[in-house]
Amino acid sequence: MPKELIRLANCTMAFDGEVVLNNIELSINDKEFLTLLGPSGCGKTTTLRIIGGFQKPTSGDVFFDGVRINDVPPHRRSVNTVFQKYALFTHLDVFENVAFGLRLQKPALSKSEITSRVLEMLEIVSLKGFERRDSSSLSGGQQQRVAIARALVLRPKVLLLDEPLGALDLRLRKDMQNELKRIQQAMDITFVYVTHDQEEALAMSDSVVVMDGGEILQIGTPEDIYNEPVNAFVADFIGESNIVDGAMLADGVVEIFGRRFACLDRGFAPNEPVDVVIRPEDIDIVPIEDGKLTGTVTNVTFKGVHYDIIVDFRGFKWLIQTTDLSPVGTKIGVKIDPDGIHIMKKSRYSGMFGDYSSYSAEYDDISDADAVPEDVSVPEDTL
Ligand code: ATP
């Protein structure tokens, strides 16, 4: 049974009367890799700063191991932070950068203890042998590892990381994502990570917290968040999604574009209007006569592993990812298995996301100004 380490209870944060965190409830388990994910300004850093003690919530409580810590200053919390703009001491070598906090500890640590803890930490962050390197001579990724070692050598129970890979190029980011996950497991402590990059969140986390406008919209495993988004915002923010209006005719039956589709969702009112998410990889292209819906390909983009194709269904454009090439102008049928359809309650985000019309139009202008006119035939429903 996982043990709760940190809890934010009804935390609200306002600056000059403007609410930027609205009644947040968040529980973080011991040894968990938890990621706060959301667009710029949604309140991720503020949440992290409340956990670190750099910011006091306007109202609400912060608990650490069951003890209320609202009034405990940052240096008395068993928490350390790594920022995107990690400031290494450029006049010190790698060893001394990592040893810095240890040398300030009271009662003073012995020389041999400091040496063994610094070397152990450099080994964990894969910088063994770099002890005497000038810190300014290191690559961006190596510098970030020193910053992480410097924070971890103090043995916090929680490491807070605020967009720590933001300054690195894509390739290095990917390498460091794996490294961070490995380091967290090797240290066996809690990491609370802030990013606006959904791929990064899915790749590293045990739990993902999706935020928008100072609110938590959903908390779950990466699989939960991807497969069962609670609303159109989460569905759109996490990966590509086609999101269309539908109506739940009955348990396990949804109507989209006047057609009935089998789905796995239950518990909605009869005929309840809903948002329907269909991921681009869950749509199968089939011969027209076998398709539940048919549409016309208006755009094709080769992506290496697959093609992104835009298909026009009665003026509504879907993104489909497929390894089979269907050239622009082709009429195709599509089939969607029940587990490829996910039903969401209507929300304030309904109608705002999940339509690829503008995406398609941009490409149409560039690649094929004379795309085939819309032409949709809908075969008889065969549910
Ligand atoms: P980003 O990804 O851009 O860093 P974020 O999700 O981390 O964004 P926060 O930094 O938590 O967002 O900021 C949330 C909101 O609170 C923003 O509108 C920001 O301008 C505001 N804010 C944060 N700190 C302060 C402050 N000290 N004074 C006034 N407003 C603030």
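Student: Which residues do ring pairs link into a cluster?

Tutor: F233, F237, Y349 and F353. This is a predicted model, where local features need pLDDT of at least 70, side-chain atom pairs count only at pLDDT 80 or more, and totals for chains, interfaces and linings use all residues. Residues are numbered from 1 along each chain as its sequence is written, and side-chain values use heavy atoms, leaving out hydrogens and water.

Student: How many aromatic pairs does the structure hold, and what makes F89 and F100 one of them?

Tutor: There are 12. Rings of Phe, Tyr and Trp (its six-membered ring) pair if their centres lie within 6.5 Å; planes under 30 degrees apart are stacked, over 60 edge-to-face, and the rest tilted. For F89 and F100 the centres are 4.4 Å apart, so they pair, and the 40° between the planes makes the pair tilted.

Student: What does that pair tie together?

Tutor: F89 is in the loop between β6 (79–83) and α2, and F100 is in α2 itself, so parts 11 residues apart in sequence get tied together. Helices (H or I, at least four residues) and strands (E, at least two) are DSSP runs, numbered from the N terminus.

Student: Why is F89 called partly exposed?

Tutor: Buried means under 20% relative accessible area, exposed over 50%, and partly exposed in between (1.4 Å probe, protein chains only). F89 has 25%, so it's partly exposed. F100, at 35%, counts as partly exposed as well.

Student: What makes α2 (residues 94–103) a mostly covered helix?

Tutor: Seven of its 10 residues are buried: V94, F95, N97, V98, A99, G101 and L102. The cover over them includes α3 (111–124) and α4 (140–152).

Student: How do you know that D93 caps α2?

Tutor: A polar contact is a pair of N or O atoms within 3.5 Å; within protein, one must be able to donate a hydrogen and the other to accept it, and residues adjacent in sequence count only if both atoms are side-chain atoms. A side-chain oxygen of D93 is 3.3 Å from the backbone nitrogen of F95, at the N-terminal end of α2.

Student: Which helix gives the most to the ligand's shell?

Tutor: Helix α1 (residues 44–52), with three residues.

Student: How do you know that S326 is buried, and what is it in contact with?

Tutor: Its relative accessible area is 7%, so it falls in the buried class. S326 is in the loop between β18 (316–322) and β19 (331–336). Neighbours within four places in sequence aside, S326 is in contact (heavy atoms within 4.5 Å) with I285, V297, V300, I309 and I332.

Student: How many of the chain's residues are buried, as a percentage?

Tutor: Of 383 residues, 49%. The chain has nine helices and 20 strands.
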